Amino acid sequence: MSISHFDDLIAAALAQPDAQRLLLVFASVALPTNASPAQRAAFDAGQGGELTPIMCVDKSPAELGSFAALLAESAQFGHDWAIVFAAGMSGHGGMPPSGDEAEPYLRQMVESVKEGVIDNFIAFNREGKAVALR
């Protein structure tokens, strides 16, 4: 299954033989304080910038429901995010991982985003579209 939208991710997670828990890290994008003129111009054109994790959550695909529901729920926290990174965890015996089981992986995911190590995650923009970050 090709994942081009966040709702595709939910559908793929629901179709897995083992119950899933999705790990989500929301990040803002800002221009570095020491940005060069070229970096400023690229940022003004919608490219570049630094990613900063601002909130995270783990949920089952059923709890999420849809990207529209996630967008509405995230708005309640008052953070202006630009990208959400997603990863999945498989459960065992028909049971999804618990929030307690997911917590250390979610913390590691936040640290990975801080360090710019994002190759293991799918990134989505505020429209729910999968995006490639360089």
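Predicted model: local features only at pLDDT ≥ 70, side-chain atom pairs only at ≥ 80, totals over all residues.

Reader: Thanks. How many helices and strands are there?

Author: The protein chain has 5 helices and 5 strands. Helices (H or I, at least four residues) and strands (E, at least two) are DSSP runs, numbered from the N terminus. From that end on, the order of elements is α-β-α-β-α-α-β-α-β-β.

Reader: And why is the chain described as being as compact as a globular protein of its length?

Author: The radius of gyration of the protein chain is 16 Å, close to the 14 Å that the globule rule gives for 134 residues, so the chain is as compact as a globular protein of that length. The radius is taken over C-alpha atoms, and the globule rule is 2.2 Å times the number of residues to the power 0.38. Along its principal axes, the C-alpha trace spans about 55 × 30 × 25 Å.

Reader: What share of the residues is buried?

Author: Of the 134 residues, 35% count as buried. Buried means under 20% relative accessible area, exposed over 50%, and partly exposed in between (1.4 Å probe, protein chains only).

Reader: Let us turn to the sheet. What is the strand order?

Author: The open sheet of 5 strands has the order E2-E1-E3-E4-E5, with antiparallel pairing. Two strands pair if DSSP finds at least two bridges between them. Strand E2 (50–59) and strand E5 (130–131) stand at the edges with a single partner strand each, so one side of each is left without a neighbour in the sheet.

Reader: How many bridges join E1 to E2, and how many pair E1 with E3?

Author: E1 is joined to E2 by 9 bridges, and 8 bridges pair E1 with E3. Both pairings are antiparallel. In the pairing with E2, Leu23 has Asp58 as its bridge partner, while Phe26 has Val84 of E3.

Reader: New topic, the aromatic rings. How many pairs are there?

Author: The count comes to 4 aromatic pairs. Rings of Phe, Tyr and Trp (its six-membered ring) pair if their centres lie within 6.5 Å; planes under 30 degrees apart count as stacked, over 60 as edge-to-face and the rest as tilted. One of them is the edge-to-face pair of Phe6 and Phe124, with 5.2 Å centre to centre and 80° between the planes.

Reader: Which parts of the chain does that pair tie together?

Author: Phe6 lies in helix H1 (residues 6–14) and Phe124 in strand E4 (residues 122–124), so the pair ties together parts that are 118 residues apart in sequence. Phe6 is buried, with a relative accessible area of 0%, and Phe124 is buried at 0% as well.

Reader: And how do Phe26 and Trp81 pair?

Author: Phe26 and Trp81 form an edge-to-face pair, 5.1 Å centre to centre, with 70° between the planes. Phe26 is in strand E1 (residues 20–30) and Trp81 in the loop between helix H4 (67–75) and strand E3 (83–90), 55 residues apart. Both Phe26 and Trp81 are buried.

Reader: What lies over the face of Trp81?

Author: Arg126 does, at 4.6 Å from the ring centre. A charge sits over a ring if NZ of Lys or CZ of Arg is within 6 Å of the ring centre and within 35 degrees of the ring normal.

Reader: Last one: where is Ser112, and what does Ser112 touch?

Author: Ser112 is in helix H5 (residues 99–115) and is buried, with a relative accessible area of 10%. Not counting residues up to four places away in sequence, Ser112 touches Val117 and Phe121, where contact means heavy atoms within 4.5 Å.

Key: Residues numbered from 1 in each chain as written. Heavy atoms only, no water.
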